[in-house]
Amino acid sequence: MKTIIIVMLASMLVACQGNNAPQKATPITHSQTITLTQPDLNAGATINSALALGASARNYSSEPLSLEELSGVMWAAAGVNRPDGHLTAPSALALYPVEVFAFMAEGVYRYNSADHTLVRVAEGDHRKLSAAQDFAFEAPLNIVYVANLALFDNKGIDRTKAEFLSGQDAAGYAENVNLYAAGNGLKAITRGSLRSAEVLTLLGKDDGNHAVVLAQTVGK
């Protein structure tokens, strides 16, 4: 039995290593626009290994993500993965109302799925708006998912239902990030606690048409 367990653990370790080729670790250059790298589709653990490794983390170092890690996280959340422009996560009615914002020490960025870039929308460190727990203020990346509820108006869907559907979309985005993190040696946790009204003000979003529907912390 002991031998079998050792073999199983060794097999799992190999599976979790994914592509054994050395992965690049390019420092992020924070400018008005961060051009992200394309995802390495052969890197990381298998899906089953990532599921086995998945866990919510509440302890993070301040070590920044590399450009490749940040790129992978953003692509996992809401990257384009098909020629028709659809994303890695599903969306109710295919409306894709959720915008993805990256809160880092160097500024707040909006993820542009179409060209796989991060565009700065606010300078400075606003991580304390994007969470309510101390561990998130230390982590290099907090993600905030903001829904444009007005996109549902011509579908005959009221704002309460629109916010519910947008929350489902954001949960899909966040779980993609959780899987990416588990499969690529990162930590993550999905959260609901943050200063929503202040986040919307910072982003220039009116609370009549927009809602913060989810948040997440990613780091090491």
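**Exercise 1. Which residues does Glu69 touch, not counting residues up to four places away in sequence?**

Solution. Step 1: apply the contact rule, heavy atoms within 4.5 Å. Glu69 then touches Tyr180, Leu186 and Lys220.
Step 1: Glu69 is in helix H3. Helices here are DSSP runs (H or I) of at least four residues, strands are DSSP runs (E) of at least two, and both are numbered from the N terminus.
Step 2: check the cover. Buried means under 20% relative accessible area, exposed over 50%, and partly exposed in between, with a 1.4 Å probe and protein chains only. Glu69 has a relative accessible area of 18%, so Glu69 is buried.

A note on the model: it is predicted, so local features need pLDDT of at least 70 and side-chain atom pairs count only at pLDDT 80 or more, while totals for chains, interfaces and linings use all residues. Residues are numbered from 1 along each chain as its sequence is written, and side-chain values use heavy atoms, with hydrogens and water left out.

**Exercise 2. Describe how H3 and H5 pack.**

Solution. Step 1: recall what is needed. Two packed helices are described by the angle between their axes and the distance between the axes.
Step 1: H3 (residues 67–78) and H5 (residues 159–183) pack at about 145°, and their axes are 7 Å apart. Axes are lines fitted to C-alpha atoms, for helices over the stretch in contact, and angles run from 0 to 180 degrees between N-to-C directions.
Step 2: list the contact residues. From H3 come Glu68, Glu69, Gly72, Val73, Ala76, Ala77 and Ala78. They meet Tyr173, Asn176, Val177 and Tyr180 in H5.
Step 3: sort them. Seven are nonpolar, two polar and two charged. Here Ala, Val, Leu, Ile, Met, Phe, Trp, Tyr, Cys and Pro count as nonpolar, Asp, Glu, Lys and Arg as charged, and the others, Gly among them, as polar.

**Exercise 3. In what order do the seven strands form the open sheet?**

Solution. Two strands pair if DSSP finds at least two bridges between them.
Step 1: start with S2 (98–104). Four bridges join S2 to S3 (residues 107–112), antiparallel. S2 and S3 form a hairpin with two residues between them, and Met104 has Gly107 as its bridge partner.
Step 2: go on to S4 (residues 117–123), which pairs with S3 over six bridges, again antiparallel. Tyr111 is bridged to Leu118. The S3–S4 hairpin has four residues between its strands, and His116 in the turn has a positive phi of about 55°.
Step 3: turn to S5 (residues 141–148), joined to S2 by six antiparallel bridges. Val100 stands opposite Tyr145 there.
Step 4: write the order. It is S1-S4-S3-S2-S5-S7-S6, with antiparallel pairing. S1 (33–35) and S6 (187–191) stand at the edges with a single partner strand each, so one side of each lacks a neighbour in the sheet. The twist averages 25° from one strand to the next.

**Exercise 4. Which strands does H6 lie across?**

Solution. Step 1: H6 (residues 196–203) lies across S2, S3, S4, S5 and S7, at about 95° to S7.
Step 1: H5 lies across S2, S5, S6 and S7 (210–219), at about 10° to S7.

**Exercise 5. Is Leu93 buried or exposed?**

Solution. Step 1: find Leu93 in the loop between H3 and S2. Its phi is near 65°, positive in a residue other than glycine.
Step 1: read the accessibility. At 52%, Leu93 counts as exposed.
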